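Open the model in your viewer and keep the selection panel at hand. The tour makes a few stops, each with something to select.

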Amino acid sequence: MSLDALSPVSSPELPAVLDLGYSLCPNDTFIFHALHAGLVRGPLPVREVLEDVQTLNDWALSGRLPMTKISYRAYFEVMDRYVALRSGGALGRGVGPLIVTRGDVQDLNGRTVASPGALTTAELLLKMVFPDVNVVRMRYDEVMPAVQRGEYAGQPIDAGLIIHESRFTFHEYGLTRLLDLGAWWEGDTGLPLPLGAILVRRDLPLAVQRDLNAAVRGSLEYAYAHPEASRAYIRGHALEMSDEVMQAHIDLYVNPFSLDVGEEGERAVQELHRRAVALGAAPGTDRALFVPLD
């Protein structure tokens, strides 16, 4: 959808239809199908806005959508304007981005890595591990081909940061896993890794924020109870993904933290934010990170 077709929400007045941005990835289409299709009811009708997460990250910087999926790294830039729902996000164990290479590369400091975006959690983690790395940014689905070729737009590429379904298919490109950044995070913190959140505008009434959280949770509960209902919708947006990879994607990224972030998930987000601030990569805040439920 064209950016010009959307209008920023700049007042607390409720729109007739709430634009809801999420990605084409199976975990998002699985979670939001029932809400989009009217199989569960929210406080407002919703209209899907399907885009890649980096585009949604960029749009959030200008407040383009009243409700949107976003990388947690990007959330740290817009906490003055948005607050995270407790439901619908992506956190977990064994879900982290991978660093892949074509050959025997160990230390990436001073080397060039293909990144899926400046505001991705993946790039934030990369710079925690290799603070002197150089990055070249591109769409996430261009990363593996760039590493396979060893170049992107005439620039040499030594390694790549892969996210989403790429963790299941990088072997097909002849690539080798150098580091699982999620495993590094879990080993260093003992916490699950925060990847993506569902945000709503802070200027929406608190009762509406809470009702939206309940609607997202209800949409996911419906998906679990009626897995066949969303299959055609997911399949229609899964690009060239096989059914096996599509289901593996859902099984990995949709988990109990997607129903409710929980106390452990909150601590994980707080720690990611603390480290991002310490790295000089994100501003501090005194805002609540999640919509309060009572």
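Contact here means heavy atoms within 4.5 Å. The model is a predicted one.

Select His-164, where UniProt, in an unreviewed entry, places the feature "active site". The residue sits in the loop that runs between β11 (159-162) and α6 (166-169). Is His-164 buried or exposed? Its relative accessible area is 16%, and buried means under 20%, so His-164 counts as buried. Now show its surroundings: leaving aside residues up to four places away in sequence, His-164 touches Cys-25, Val-53, Tyr-140, His-249 and Tyr-253.

**Stop two: Thr-121.** Move to Thr-121, which lies in helix α4. This residue is buried as well, with a relative accessibility of 3%. Which backbone atom does its side chain reach? Draw a distance to the backbone oxygen of Leu-195; the value is 3.2 Å. Residues touching Thr-121, again without those up to four places away in sequence, include Ser-71, Tyr-72, Arg-73 and Leu-272. Leu-193, Pro-194 and Leu-195 are also among them.

**Stop three: α4 and α7.** Select residues 121-129 for helix α4 and residues 181-189 for helix α7. Their axes come within 10 Å and cross at roughly 60°, and the crossing is left-handed. To see the contact, show side chains of Ala-122, Leu-125, Leu-126, Met-128 and Val-129 on α4, then Leu-181, Trp-184 and Trp-185 on α7. Colour the contact by class: eight residues are nonpolar, none is polar and none is charged.

Note on methods
Residues numbered from 1 in each chain as written. Predicted model: local features only at pLDDT ≥ 70, side-chain atom pairs only at ≥ 80, totals over all residues. Heavy atoms only, no water. UniProt positions renumbered as here; feature names shortened; annotations may be inferred. Helix = DSSP H or I, 4+ residues; strand = E, 2+ residues; numbered from the N terminus. Buried < 20%, exposed > 50% of the residue type's maximum accessible area, 1.4 Å probe, protein only. Axes fitted to C-alpha atoms, helices over the stretch in contact; angles between N-to-C directions. Left-handed = near helix turned anticlockwise from the far one by under 90°. Nonpolar A, V, L, I, M, F, W, Y, C, P; charged D, E, K, R; others polar. Polar contact = N/O pair within 3.5 Å; in protein donor to acceptor, adjacent residues only side chain to side chain.
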